[in-house]
Amino acid sequence: MTPIATIMRSMTRRSALAVSLALALAGGCRDITGSTAGQLASARERWAANGTASYDFTISLSCFCAPNALRPVVVVVSNGVVHGRKYKDTGADVTPPFSTAYSTIEGLFGIVEDARSRNAAQLDVVYDPERGYPTRISIDYVAKAIDDEVAYTVTDFHVR
């Protein structure tokens, strides 16, 4: 079970309905062609060419998951390894089970690859044009199911 699936299972039905309504009102997921295999490969090549191993970024999730998972998190990566995950609003450490949902940029590429291998009904990815990392990933795993959509938004990327 993926970290997001674990978090989503802990959410109450009422919370899921509220998040579902909010996403619907916000326009939900849209079909961006950035999820093709060629664009993924090109983005990974740009990421690898930059040789960035130490960086930090803020990541925000939109999902049918526990409220703590919906708070923006600052992820600090040194030499390709996560060295810190802190809630942006308080600076407090993100603790399990939520911490496993916040990975490196390579982990985000892995999420895209996983969605492709699982034949997600909709996969929308936007990549940073210079460095290649995903800036937005939206996944709807099953077209006619509710509570399975998830979106990741990366902001405030800085090389360390």
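The structure is a predicted model, in which local features need pLDDT of at least 70 and side-chain atom pairs count only at pLDDT 80 or more, while totals for chains, interfaces and linings use all residues. Residues are numbered from 1 along each chain as its sequence is written, and side-chain values use heavy atoms, with hydrogens and water left out.

## Confidence of the model

The predictor's confidence in each residue is expressed as pLDDT, from 0 to 100. The chain has a mean pLDDT of 80, and 76% of its residues reach 70 or more. Among the elements, strand β2 (residues 73–78) has the highest mean pLDDT (97) and helix α2 (residues 13–25) the lowest (36).

Over residues 1–34, pLDDT stays under 50; for this stretch the model has 53 contacts beyond four places in sequence, a contact meaning heavy atoms within 4.5 Å. Where pLDDT is low, the predicted coordinates should not be read in detail.

## Overall architecture

The chain contains 4 helices and 6 strands, arranged from the N terminus on as α-α-α-β-β-β-α-β-β-β. Helices (H or I, at least four residues) and strands (E, at least two) are DSSP runs, numbered from the N terminus. Of the 160 residues, 41% count as buried. Among contacts between residues at least 6 apart in sequence, 59% join residues at least 24 apart.

## The sheet and its helices

Strands β5 (residues 134–140) and β6 (residues 149–159) pair in the antiparallel sense over 5 bridges, and Ile-137 stands opposite Tyr-152 in β6. Strands β4 and β5 also run antiparallel, joined by 6 bridges, with Gln-122 opposite Asp-140 in β5. The hairpin of β4 and β5 has 6 residues between the strands, and Gly-132 takes a positive phi near 90 degrees there.

## Aromatic pairs

Rings of Phe, Tyr and Trp (its six-membered ring) pair if their centres lie within 6.5 Å; planes under 30 degrees apart count as stacked, over 60 as edge-to-face and the rest as tilted. By this rule there are 7 aromatic pairs. One of them, Trp-47 with Phe-157, is edge-to-face, at 5.9 Å centre to centre and with 75 degrees between the planes. This pair links distant parts of the chain, 110 residues apart, with Trp-47 in helix α3 and Phe-157 in strand β6.

Phe-109 and Tyr-127 form a stacked pair, 6.4 Å centre to centre with 20 degrees between the planes. Phe-109 lies in helix α4 and Tyr-127 in strand β4, so this pair ties together parts that are 18 residues apart in sequence. Phe-109 and Tyr-127 are both buried. One aromatic cluster is formed by Trp-47, Tyr-55, Phe-57, Tyr-133 and Phe-157.

Note on methods
Buried means under 20% relative accessible area, exposed over 50%, partly exposed in between (1.4 Å probe, protein chains only). Two strands pair if DSSP finds at least two bridges between them.
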